[in-house]
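Here is a short report on charge pairing and helix packing. Look at the sequence and the 3D structure first.

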Amino acid sequence: MPLLSREEYQNLSRRLERYEDIEKVGRETSLDPELLMVIHTQRVTRDATKRFYVVQGHAPRLLKQWRSGQSYLDLAREWRFPPVLMAQMIEREKKTPRRAFWDGFRHPEAIPDARIRREVEEVLANDWIYSPRGGELQRERGVKGEARLARWLEQFHLGYRTEKDLRGKFAKTPDALLDQPVVIEGQPVHWIESKANFGDDVELRRNLRKQLEPYVRMFGEGIVVYWYGHIREAASIPGVRVVDGETFERLVPLPAGEGGAPGAPTPPRERPVPRAPAAPPPPAPPPAHPPAKRPVRRPADRSAYF
């Protein structure tokens, strides 16, 4: 995936306001549609997070408009807000239980009310980010990135532990913690983090603060891979190398002590911090996709759906 200047990225983000813009921008730029979808997703989710409580403050008015005949999708377009979140906001104002809402969105054919059933199907066809289908697409991108990382590690016969292997042992865990450090183009590497998105300034700042800087303190230097590319001028911190997917797959690791200054010391590492009970999080907007899929038992009484 390409490296983009800040100006190029910002221009693309402005043009990718709607899902329908992806095809048009793809024709004009010859950029990978999946990259454009990632940039579109980042734009929409950030805007929705920023404006969520503002729109929610108008929930009584939105419900009144809906009861007057405007559809979920009409209101979403009027407010330039994701359709699924708009429908959820209206149904929450109606006191519809959260589980009933998501059951209905997973099985719209089971919704007894004809109007709601039609509008839910309309919303699902027009929301590629917050719908169950959108959530699944985002998870698939993450799985593909982790699979590419696993192939690279196996190609060079590198032993490693995954986030799943390390769960509960450390406060924060990378996607791959190497059993033995390697040297890549002169830099010692102890861990590798896989990111199935585009590394713009906002994304990189958040990742550095919440994940990457703690990894350096706990484990030493490492690499973060943005499979869909990153800002060309992306700023990092000592101990973290930022690469795009194509660059990463061309890298060749060497045993520690080779390819750099022999015997060069690595920065001191803090002792791994045991996971401590987390404080209750503050209220936050809904995630970019519904809860992870679990088997949904359809209730015999269809009134269990909204």
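The structure holds 19 salt bridges. A salt bridge here is a side-chain nitrogen of Lys or Arg within 4 Å of a carboxyl oxygen of Asp or Glu. Side chains of opposite charge can pair when their charged atoms come close. This is a predicted model: local features need pLDDT of at least 70, side-chain atom pairs count only at pLDDT 80 or more, and totals for chains, interfaces and linings use all residues. Residues are numbered from 1 along each chain as its sequence is written, and side-chain values use heavy atoms, with hydrogens and water left out.

| Arginine 46 | Aspartate 200 | 2.5 Å |

Arginine 46 sits in helix H3 (residues 33-56), and its partner aspartate 200 sits in the loop between strand S3 (187-195) and helix H11 (201-219). Helices (H or I, at least four residues) and strands (E, at least two) are DSSP runs, numbered from the N terminus.

Salt bridges that share partners join Arg46, Asp200, Glu203 and Arg206 into one network.

How exposed or buried are these partners? Buried means under 20% relative accessible area, exposed over 50%, and partly exposed in between (1.4 Å probe, protein chains only). Arginine 46 is partly exposed at 25%. Aspartate 200 is buried at 3%. Glutamate 203 is buried at 7%. In the other pair, glutamate 193 is buried at 4%, and lysine 195 is buried at 11%.

Now the helix packing. Helix H6 (residues 83-93) and helix H7 (residues 98-106) pack at an angle of about 140°, with their axes 11 Å apart. Axes are lines fitted to C-alpha atoms, for helices over the stretch in contact, and angles run from 0 to 180 degrees between N-to-C directions. H6 and H7 are therefore oblique to each other; angles under 35 degrees count as roughly parallel, over 145 as roughly antiparallel, 65 to 115 as roughly perpendicular and the rest as oblique.

Val84, Ala87, Gln88 and Glu91 in H6 meet Phe101, Trp102 and Phe105 in H7, contact meaning heavy atoms within 4.5 Å.
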